[in-house]
Amino acid sequence: MYIYLLRRLNLLVTTLFVISVFSFSLGHLFPGDPVVNFSGQQSLTFEEYDVLEKKLALDKPYMVQYFAYLERMIEGDFGFSFSSERHISDEFLRVFPATIELSVYAILVALCIGLPLGLLAGLKKNKVVDKVIFSLSTIANSVPIFWIGLLLILLFSLNLGWLPISGRLNLLYEIPAHTGFVFIDIALSDIDNKPAVYQNAFLHLILPTITLATLPTTLLIGMMRSSVISVMNSQFIKAARTKGLSYYQLIRRHVVKNAILPILPQFGLLFNTLMTSAMITEFIFSWPGVGYWLIEAIYQRDYPVIQTALLIVSAFMVFLNVLLDIIHSLLNPIVRKDIHG
Amino acid sequence: MANNNIYDQNEYPGPYQLTWSKFKSDHPAWVCFYLVMGFIFVALFAPLIAPYSAMAQHPEATLLPPSWQTAGDVSFLLGTDDLGRDLLSRLIYGAQITFGLSLLVALVAMIIGVALGALAGASKGLKSSVFNHFFDTILSIPSLLLAIIIVAVLGPGLSNTIWAVLLVLVPQFVHSTRIAIQAELKKEYVTAARLDGANEWQILKNSVFPNIVETLILQYTLAVSTAIIDIAALGFLGLGAQQGSPEWGAMLSESIDLIYRASWLITLPGVTMFLSLLSVNTVGHGLRHALKSRSE
Amino acid sequence: MNNQICQCVFYGLLAMLCCGCEFPADTTFKDGIIYCSEGNPDSFNPQTTTNHVTLDASAHQIYDRLIEREPYTGNYLPGLALSWQLSDDKQTLDLTLRRDVAFHTTKYFMPSRPFNADDVLFTFNRWRLKTHAFYPVAESYPHMQSYQLRKVITDIKKLSEYKVRFTFAHSNHDFLSHLASDYMSILSAEYAKALEKLDAKTQIDKLPIGTGPYLLVDYIKDEYIRFKAHSDYWQGSSTLKNLVFDITPQSSRRLAKLVTGECDVVAHPAASEMALLQEKANIALQSKAAENTAFWAFNTNKPPFDQIQVRRALAMAIDRQSIYRSIFYGTAFPAESVVASSSWGHHSGLPKLEYNPEKAAKLLAQANIPQNFSLEIWSPHIERAYAPNSLKMAELIRSDLARVGIKSTIVSYEWSTLRRKLAEQDYDTVLMGWTADLPSPDNYLQPVFSCAAKEAGINYANWCQPEFDDLINSAMQAPQNEIAQGFYHQAQSLLRQEMPVMPIAHSMSFLAKRRHVINVKFVPFSAISFKNAEKY
């Protein structure tokens, strides 16, 4: 077990190393002066420039520069944004919870819809139900996410006028951001008429969540379906069946758990899809998250922000993947052996 | 052709043929296969098929709805946009960019990826381990994010988008090739060939490759669908094809201002994109299904 | 804490169940207005910019001016100055200031005294005196620099706590109109002193303190600007408690938000959807006359655009008719001169700009422009009154240029990035425009085409012609409008001759709002004002 953990951690560290080297080199690759790109301060006098160059160790060889960069990253000093002239770390802490919040809701929706449907499809393999679910999920899988977003806006907001199309909350509600998670912030605030505010936040969530959940749901259906099929064909199910368990008991006690376990490692793929879709969803619904922030930064050629966003988001993804692997191996001892072999 | 087979013997189809016939019996996949062929045809012969050039403006016919609506005009089958450009022609030329380039990019990525993958799959020890780590890193970053980052470094534009998508796809091919080769190398017939004195190259060429071709084709369909989505998404975000280009995603984002007045400018490019993705994905599914049922 | 989580979960569930319910008497929506604006302000100080997004967000919300101009009659009204007296030789101006005008009390500053003469001195000396501690805080003061107001005012004296005297270099009629412009918003000297002590001088333009009807609470780039009513406002506090600028760069999205009720007022509704807005019963349109010019500027610093012949040929290659139809949807007038036809200085005698691609190609060949010469068209990623869709406009121009054998690429930047890049002066052509902020015709010429404007970085053609400067100076010195008109006409003819920019259109500008919002001040020569806005 420890060896397995060590291997995973080793992978984590090497990967983070590669990412940090890449991110570091971006500071030199981006157009413009490295001192400006790394610090994010554009209007510098000559003296300020010299001081900064020394401080960032940019007058030294690349190796030293890299370690100085690494040190700054670990301390959370990412420099300033070109366009807002604020600390990037502050900006990131503002946008990150928004993305997490949206993603969590989308994952929940995807799990609530995808797992049962996948289970159903797997159990009724090759029957009409399966075919309907499968076709629907293939179709949903092929609709470009930005188009779904637009269609939802066209239908629910512009034609029916039911749902708002942008942001997390009506801007007239002034909720101080303590945690960055809307519902918690509302609970912590001392605003009157909280139910109305919760409702408003909820209405803002609906369209982005649906848009974001589409792709992960189809993936989950597919994963769950094939996993259920392989479980149903396995020996222990036959054994359980001969023991005289009812169909319902069989599914509840044996199939569900054993079908979910093997798809856990594939959650990495799920999160990847989610992250990609989240960027586009945030863009369409002006959701103030990491994706929206990054895309605006690209429009504004805000290099320090691009560099940091890349570093943090990819490090986060890698971390999540490794974490999933470890969780999976804790729950499922067979894997550990496999990897040793 | 005369039948030279004098023995009344059952003909057993080869493995490729078997997959092919299984694939054909999967009707949706078969239909989608024709659809893909149709898209390829359109992309290849766009200038011949399209009634107008993608950029030709018809100032006298701006914002015409599709011809089946009462205000429509038959000479502009799917209507026109606000500059009077024929939507059908733009979609056809768009197929050349979004669909055609995706096929090409995925092909180039496959060639590079398979070569590197073969190198990685055949090598062992430290070199292989470094290689694997490197590509696993890249794979753990979402493809669109990676493409966006690459575009951010290179600057927006269609050619940079293509580079970005290529760079995103190569690791995927390397990964799948490596895994497939390593799985194949463990099999006994390879050991047998090795005992016969075949060198690495011969083993790769004669034993391994014929057996992983189908996996690669499968990976290719996935890659094409990723490429279409990424090119269109970057176009939609305004980071890919230039404003005014008939690239499908860019067309969509350009028409957002007209979402009320000319909803066909939103729906039709979307439907086209959807159909192309659906057909590619379904062909991929069908192929996987056929491969699976053959091995069963 | 635990209790709060329970509460959160409870209400969350409740909210889901009650999606359709109406909650009674939520006054939040009645007490506030959301204005969907088109972009990020550069700062909150009108002195430092000519960008209308910045003016909209600051001039009439945060600040007041010494005197105000009545929009349609052009009469001057007392603002922070109760009265003013121009001496007979028109060389000095005495102002008596209003007493008991409170500055904003915010999280970042508590004023200890009301407005007085020191604030006036600080406000003007800040951009007037190069030695002033706050002069270097802003990169430039484009309006003042292009009019060379520094040279116009020789001295400002504090006569008493509430009396100020301006002394001018020569007799000046026009200074009052400058004083009433958005650029002359009054800042707080006490705040500046406090910042100087903290060594945080740059904060003065980012976290502003003024005397205006609203005070700044929070600004998040790309998202929103939040204002609150200034409770001690000298004209009486606003009936609204909150004012939020929702930054929404895409006009289609602003329109959609207006329809869904997420915005009460939107800037520059898409010209393409204007017809649709008129059908909606709960939406009203406000318009103002076309006091602006959209133009295509050639960087005359860069060959081959330094040749007059090339610029004229390029202008000749553009079919402006299709631009009016496809970009403006009939909401604009063709521009033959850069001075809008509504201005008395407009030269109506200029011939129509010729559209003749064959001749243009010939001229280009004569100027030794090779076939397949390629140029860049820069275009701001923002909607302006004069350019509802710059990108589409650029596309039309590109296809017109292709017809005369010139390849072009469209480069689109977000506004602040564009401004930064333009300052580097390494561009071919740019789609720009100018919205007048003073009623005088020279406002179309001086800040856009003079040599001083070139230095201030707002002459996007980088075109500097002493002859032209002489003409507009003579016009400004002229004792009567009739004489000035002659000079203005000559200046416009010269512009036509030299073609540093190709004028495209004078466009109507619109504001769309929900009907229950009234009294939003949307008038020519001034940024938007929510001072008297109400919602019912």
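Visitor: Among contacts in chain C between residues at least 6 apart in sequence, what percentage join residues at least 24 apart?

Guide: Good place to start. This is a predicted model, and in chain C 70% of those contacts join residues at least 24 apart in sequence. Chain C is built from 19 helices and 21 strands.

Visitor: How does the radius of gyration of chain C agree with that of a compact globule?

Guide: Start from the number of residues. A compact globule of 536 residues would have a radius of gyration near 24 Å, and chain C has 25 Å, which agrees. Along the principal axes, the C-alpha atoms of chain C fill a box of roughly 80 × 65 × 45 Å. As for burial, 51% of the 536 residues of chain C count as buried.

Visitor: Into which domains is chain C divided?

Guide: There are domain 1 (3–22 + 36–221) and domain 2 (292–507) of chain C. Their C-alpha centres lie 31 Å apart. Where the two meet, 19 residues of domain 1 of chain C are in contact with 19 residues of domain 2 of chain C. On the domain 1 side, α4 (142–146) and α6 (175–179) of chain C each supply at least two residues, and α4(C) gives the most, with four.

Visitor: How many residues of that domain 1 side are nonpolar, polar and charged?

Guide: The side of domain 1 of chain C that touches domain 2 has two nonpolar, 13 polar and four charged residues.

Visitor: And C:Asp174, with which residues is it in contact beyond its neighbours in sequence?

Guide: Leaving aside neighbours within four places in sequence, C:Asp174 is in contact with C:Ser440 and C:Met476. You will find C:Asp174 in the loop between β7 (163–168) and α6 of chain C. C:Asp174 is partly exposed, because 13 other C-beta atoms lie within 10 Å. Take C:Ser509 as another reference point: 335 residues separate C:Asp174 from C:Ser509 along the chain, and their C-alpha atoms are 26 Å apart.

Visitor: Let's turn to a helix. How do I read which way its residues point?

Guide: The general idea is that an α-helix has 3.6 residues a turn, so residues three or four places apart point the same way. Now the case here. Helix α6 (residues 128–142) of chain A has 15 residues, which at 1.5 Å a residue should span 21 Å; its end C-alpha atoms are 21 Å apart, which agrees. Its buried residues are A:Phe134, A:Ser137, A:Asn141 and A:Ser142. They cover an arc of only 130° around the axis, so they sit on the same side of α6(A).

Visitor: What covers the buried residues of α6(A), and which exposed residues are on the face turned away?

Guide: The cover includes α5 (88–123) and α9 (194–232) of chain A together with α11 (264–295) of chain B. The face turned away from the buried side carries the exposed residues A:Val128 and A:Ser135.

Visitor: How many residues does the contact take from chain A and from chain B?

Guide: That contact takes 34 residues from chain A and 33 from chain B. The helices of chain A that each supply at least two residues to the side touching chain B include α1 (2–29), α6 and α14 (303–331). By class, this side of chain A has 25 nonpolar, nine polar and no charged residues.

Visitor: How many residues of chain A are in contact with chain C, and which helix of chain A gives the largest share?

Guide: Here 29 residues of chain A are in contact with 34 residues of chain C. The largest share of the chain A side, six residues, comes from α9(A). That side divides into 17 nonpolar, eight polar and four charged residues.

Visitor: Which backbone details should I look up?

Guide: A:Asn126 has a positive phi, near 65°, although it is a residue other than glycine. A:Asn126 is in the loop between α5 and α6 of chain A and counts as exposed because it has 10 C-beta neighbours inside 10 Å. C:Asp100, also not a glycine, has a positive phi of about 55°; C:Asp100 is in the loop between β5 (92–97) and α3 (117–128) of chain C. With 8 other C-beta atoms within 10 Å, C:Asp100 is exposed.

Visitor: Which residues does the cis peptide bond join?

Guide: The cis peptide bond joins C:Pro303 and C:Pro304, with omega about 0°. C:Pro304 lies in the loop between β13 (292–298) and α11 (308–316) of chain C.

Terms used:
Residues numbered from 1 in each chain as written. Chains lettered and ligands numbered in written order. Predicted model: local features only at pLDDT ≥ 70, side-chain atom pairs only at ≥ 80, totals over all residues. Rg over C-alpha atoms; globule rule 2.2 N^0.38 Å. Buried ≥ 20, exposed ≤ 12 C-beta atoms within 10 Å, placed from the backbone. Contact = placed C-beta atoms within 7 Å. Expected span 1.5 Å × (residues − 1). Arc of directions from axis to C-beta. Nonpolar A, V, L, I, M, F, W, Y, C, P; charged D, E, K, R; others polar. Domains from an automatic or database assignment.
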